[in-house]
Amino acid sequence: MTTSDELVDSDELVDAIGKLSDSAVADLMDFIRIRSVYDEKDLRPVKDAANWCQKKLTGAGVKPEHVEQKCIGDPTKNAPLVYATCGPDEVPAGTPTVLLYAHYDVVDDGGWEEAWDPKLVDDKKRVRGRGAADDKSGVMMHLGALRAFKGKPPVPLKIVLEGEEESGDTLEGYVRKNKDLFTADVIVIADTGNYKLGEPTLTTSLRGVVAVDVTVSTLRKPKHSGVYGGPPPDAFMALTRILWALLDDKGDVAIPGLVRDHWSGEESDEAAFRAEAGILPQVKLIGSDTLGSRLYVRPSVNVTGLSGPRPYAKPVNQLTDTASARVSLRIAPSQDPEDAIAKLERFIERPELNPWNAEVTVERADSGAGFQADTTQPGYTVARKAMEKAYPGKETVYVGDGGTIPLVTELQQINPKATVLLIGCEEPLCNIHSSPESVDIDELAAMTLAECSLLRLLASKR
């Protein structure tokens with residue numbers, strides 16, 4: 001009988017990934033050129049990306065199960081869901097089914113001129129371009145594993161590639177209605193990464209998120225600030241009083257009753273964090289408790305959208321009649337989103353934040369639960385071993401992530417006994433959701449090897 005160590009230590013697998021490296025880089029650069037920003041008014045870019053994924057899966061020996069790509073909800077408004085299954089010719093009893101997830105949509109270029117013109121940079125060690133890491137590297141990681149196994153992985157696979165993750169996602173509702181497509185024993189979400197380049201990492205917690213749109217009105221229409229300024233309150237100035245109150249003097253979220261956990265896992269280095277975040281030298285960090293707690297398991301709040309005053313480039317001397325802000329509240333992994341959004345609404349609607357009796361409305365905009373992994377599951381032991389095969393001499397660490405992936409919670413609910421693994425290529429130097437975004441080529445190869453090792457180890461555990 002072949003042992004699990006022999007399965008994972010096979011030079012054939014390492015060689016296969018090495019030989020595929022050049023084609024993987026070329027494909028990733030080709031993939032980046034597709035401007036797959038979701039926009040329901042123009043679905044052509046995400047459809048092009050979905051077609052690209054379908055073509056590459058077929059080329060890897062995996063024919064997508066749905067020839068007519070299954071759409072999520074309304075096909076005139078939603079990006080196609082690329083879904084495929086594959087596995088060994090014979091599946092012994094007890095062999096686990098593994099679901100591999102990634103998303104092919106990306107955030108917009110944000111004015112970054114070279115976003116869609118991929119380049120090899122840093123002595124050709126990194127691929128630069130929008131989506132290079134988040135999350136086209138995740139798609140390539142799965143594709144690389146399929147190619148290494150020549151379309152015949154050692155365990156049954158379900159491959160899920162979606163195109164609306166960055167827009168707020170509609171996949172959770174589709175999952176609830178089609179649970180059979182998403183049942184699995186192990187779920188690999190390729191949308192995170194190592195806490196540092198070359199350091200094997202499993203993300204074990206995610207914060208949740210809730211958001212509301214706050215609108216403040218004080219006038220029926222804008223008025224000249226010279227003629228009328230003084231007695232009438234400006235709507236934007238009234239809105240800023242509400243926004244200011246969301247943080248206390250320490251910078252902690254001031255909303256009472258929210259869950260505030262303490263992080264006990266791998267702690268972030270403050271100097272490295274400041275450098276990665278691009279914090280100006282004189283600016284102080286805000287909030288209390290450890291840096292890890294503030295990043296991973298305590299609430300934070302910010303404004304993600306704003307309307308009201310005229311743009312800075314075209315100022316006008318007028319009072320603002322109506323101003324709106326989208327307030328986004330990140331919540332602890334264990335916080336109930338419904339409870340959090342109710343507390344946020346009540347806090348904003350307090351009379352003391354509206355001393356001028358402006359018209360204030362609060363509308364719910366978004367809600368997503370957090371995630372906390374059960375690291376005592378056997379699947380985590382297997383995952384650590386797989387990661388350490390890909391990064392010899394390195395010990396796998398557990399970290400949290402301040403971001404939110406609502407789909408994780410949905411998959412966990414329909415697979416309560418499954419092991420959920422959050423891995424990927426998005427280490428801090430990738431600069432995701434910013435510019436210039438990039439991915440390390442060796443990291444992509446190592447994580448592809450880690451995924452292959454994971455699948456082989458799982459096959460040997462039946």
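How many bridges join β8 to strand β16, and in which sense do the two strands run? In this predicted model, five bridges link β8 to β16 (residues 397-401), and the two strands run parallel. Within this pairing, T203 has V399 of β16 as its bridge partner. Strand β8 also pairs with strand β15 (residues 371-372), here in the antiparallel sense and over two bridges. Six of the six residues of β8 (residues 201-206) are buried, so the strand is largely enclosed by the rest of the structure. Both senses of pairing occur in sheets, where strands pair through backbone hydrogen bonds, either parallel or antiparallel.

An open sheet of four strands has the order β11-β13-β9-β14, and its pairing is antiparallel. The edges are formed by β11 (300-307) and β14, each of which has a single partner strand, so one side of each is left without a neighbour in the sheet. From one strand to the next, the twist averages 20 degrees. Strands β9 and β13 are joined by 10 bridges and run antiparallel. In this pairing, V212 stands opposite V327 in β13. Two helices pack on the sheet. Helix α7 touches β9, β11, β13 and β14, and its direction makes about 15 degrees with that of β13. Helix α10 touches β9, β13 and β14, and its direction makes about 25 degrees with that of β9.

The buried residues are P337, A340, I341, A342, K343, L344, E345, F347 and I348.

Helix α4 packs against two other helices, α3 and α13. The axes of α3 (residues 44-59) and α4 (residues 136-148) come within 10 Å and cross at roughly 20 degrees. Angles under 35 degrees count as roughly parallel, and α3 and α4 are therefore roughly parallel to each other. Their crossing is right-handed. On the α3 side, the contact involves W52, C53, K56 and L57, which meet V139, M140, L143, L146 and R147 in α4.

The crossing of α4 and α13 is right-handed. In α4, the residues S137, M140, M141, H142, G144, A145 and A148 meet L444, M447, T448, E451 and C452 in α13. M140 is listed in the contact with α3 and also in the contact with α13.

Most residues other than glycine have a negative phi, and most peptide bonds are trans. A cis peptide bond joins D134 and D135, with omega at about 5 degrees. D135 lies in the loop between β5 (126-128) and α4. The peptide bond from S435 to P436 is also cis, and its omega is near -5 degrees. P436 is placed in the loop between β17 (419-423) and β18 (438-440).

Positive phi values are found at D122 and D289. For D122, phi is about 55 degrees although the residue is not a glycine. D122 is located in the loop between β4 (119-121) and β5. With a relative accessible area of 48%, D122 is partly exposed. For D289, phi is about 75 degrees, and this residue is not a glycine either. D289 belongs to the loop between α8 (270-277) and α9 (291-296). Its relative accessible area is 34%, and D289 is partly exposed.

How values were computed:
Residues are numbered from 1 along each chain as its sequence is written. This is a predicted model: local features need pLDDT of at least 70, side-chain atom pairs count only at pLDDT 80 or more; totals for chains, interfaces and linings use all residues. Side-chain values use heavy atoms; hydrogens and water are left out. Buried means under 20% relative accessible area, exposed over 50%, partly exposed in between (1.4 Å probe, protein chains only). Two strands pair if DSSP finds at least two bridges between them. Axes are lines fitted to C-alpha atoms, for helices over the stretch in contact, and angles run from 0 to 180 degrees between N-to-C directions. Angles under 35 degrees count as roughly parallel, over 145 as roughly antiparallel, 65 to 115 as roughly perpendicular and the rest as oblique. A crossing is left-handed if the near helix is turned anticlockwise from the far one by less than a right angle, and right-handed if clockwise. Contact means heavy atoms within 4.5 Å.
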